[in-house]
Amino acid sequence: MTDTSGKVPKRIAQTIINSLKGGVVPRIGLPYITVGRKNEIQALLHDVDIIADGGASFRFIVGRYGSGKSFLIQTIRNFVMDKNFIVADADLSPERRLKGNQGQGLATYRELIRNLSTKTRPEGGALMLVLDRWINNVQAQALEETGLEPGDPALTKAVDRKIYAVTSQISELVHGFAFAQLLSKYYHAYVEDDQETKQKVLRWFRGEYGTKREVKEDLGVNILITDDDWYDYLKIFALFFRLAGYAGMMIMIDELVNIYKIPNAITRQYNYEKILTMYNDCLQGKARYFGIIMGSTPQAMEDTRRGVYSYEALRSRLAEGKFSREGTRDLLAPVIRLEPLTAEEMLVLCEKLADMHAGLYGYPRRLTTEDLAAFIKLEYGRIGADSNITPREVIRDFIELLDLLYQNPDMTPKALMQSDSFTYSKSDAVSDKSDDDYVEFSL
């Protein structure tokens, strides 16, 4: 047994332990607990290289609740930020869809822009930071190239030309002209320290204007971001971010199951049609420096009555071929289906968590390798575990075990794991799980 105090910063360890205990994926510290998924990560990182070269990608990550799909999405999110990408993520919900008759699509856009993140601003809200950094970089480049002094009118003209070079490229895209106009307004407001105009432009970029009249009065343009065209503006942002010095843009949209749960068939079809548009854009070269990852459950993906596959144009593009099977999946296909983590991989993860828990609470680790193996054997030996157990359940059980041992130092791991209450509650949890995740959706 080893004292691991100090290996992981306590702030990060606390976030990781609390998040995993609550059944959610932490947004920081993922490298400390990443195990398995090597092949899936490599496949997605191949997409990152393509995006940085001016291409686009679209992937679905499909896995059961608690199987690790959200963890994988967050892992890629952190990696691409380190690669100088701008990332934005959002979970779909009844209020956030890809398209809706009450602004649900625009609500998703707003969430994505709200969560816009960079390496230096990983918690989101990075839009103003990116715009200001872009202007500062353009000014610095103009100073270096011209050798002029700050405040020289000739320097201002040189900066104007560089700004125009960016906006002219953007104006060639669909809706790009209005976007370029607003970029120019933001630049001049920045130079003139006009904070009011800056905030109005930011409000427009965030999709917060409700009427064209209001936009016209505030900014002098006659267009606003709507539920129908919000996705076009994400493509414009991707090109702008590249021109502003970033590698590209990656968006992650999780909980696709919330489209599957929409009761109205026509509304579901409109949302699937939006997915098809996004998918085609990425694969046909209509988007540049742009990547999309969507997370879904198998049922929400493959159900031919209500799922993504109910939209024939998507099913024909995404369905597996004749040669893929469990254990031999084509990870270069648009859909990545997550295989369960092995017992050996879960053992490694539990060892990491045991070390982290000991370091966080300042005690020598009590669990031996034999104890860890006994815990994994108990978890994977339960009835139905081979098809129903998920990393989320195992991790929550394990953190509960660590907490109980820490709070009850006289209790041994063996005695706790062999207690009737522990084994009964765990076996009961698995037997109740089965396919009940999907009962509410199939009614």
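## Two helices near the start

Helices here are DSSP runs of H or I with at least four residues, numbered from the N terminus, and their axes are lines fitted to C-alpha atoms over the stretch in contact, with angles running from 0 to 180 degrees between N-to-C directions. This is a predicted model, in which local features need pLDDT of at least 70 and side-chain atom pairs count only at pLDDT 80 or more, while totals for chains, interfaces and linings use all residues. Residues are numbered from 1 along each chain as its sequence is written, and side-chain values use heavy atoms, with hydrogens and water left out.

Let's begin with helix H2 (residues 38-52) and helix H3 (residues 69-82), whose axes cross at roughly 40° and come within 11 Å. H2 and H3 are therefore oblique to each other; angles under 35 degrees count as roughly parallel, over 145 as roughly antiparallel, 65 to 115 as roughly perpendicular and the rest as oblique. Their crossing is right-handed, a term used if the near helix is turned clockwise from the far one by less than a right angle. On the H2 side, the contact (heavy atoms within 4.5 Å) is made by Glu-40, Ile-41, Leu-44, Leu-45 and Val-48, and on the H3 side by Leu-72, Thr-75, Ile-76, Phe-79 and Val-80. Sorted by class, the contact of H2 with H3 has eight nonpolar, one polar and one charged residues. Here Ala, Val, Leu, Ile, Met, Phe, Trp, Tyr, Cys and Pro count as nonpolar, Asp, Glu, Lys and Arg as charged, and the others, Gly among them, as polar.

## H16 against H18

Next come helix H16 (residues 369-380) and helix H18 (residues 391-407), which pack with their axes 11 Å apart and at an angle of about 135°. That angle makes H16 oblique to H18. H16 passes H18 in a right-handed crossing.

From H16, Leu-372, Phe-375, Ile-376, Glu-379 and Tyr-380 meet Val-394, Asp-397, Phe-398 and Leu-401 of H18. The residues of this contact of H16 with H18 divide into seven nonpolar, two charged and no polar.

## Aromatic rings

You will find 15 aromatic pairs in the structure. Rings of Phe, Tyr and Trp (its six-membered ring) pair if their centres lie within 6.5 Å, and planes under 30 degrees apart count as stacked, over 60 as edge-to-face and the rest as tilted. One of the pairs is Phe-58 with Phe-60, tilted, at 5.0 Å centre to centre and 45° between the planes. Phe-58 is buried, with a relative accessible area of 3%, and Phe-60 is buried at 0%; buried means under 20%, exposed over 50% and partly exposed in between (1.4 Å probe, protein chains only).

Phe-240 and Phe-241 form another tilted pair, with 5.8 Å centre to centre and 50° between the planes. Both Phe-240 and Phe-241 are buried.

Leu-143 is found in helix H5 (residues 127-146) and is partly exposed, with a relative accessible area of 31%. Leaving aside residues up to four places away in sequence, Leu-143 touches Leu-148, Glu-149, Pro-150 and Leu-155. Its C-alpha atom is separated by 9.7 Å from that of Thr-156, 13 residues apart along the chain.

Pro-409 is found in the loop between H18 and helix H19 (413-417). Pro-409 is exposed, with a relative accessible area of 57%. Pro-409 and Arg-366 are 9.4 Å apart in space, C-alpha to C-alpha, and 43 residues apart in sequence.
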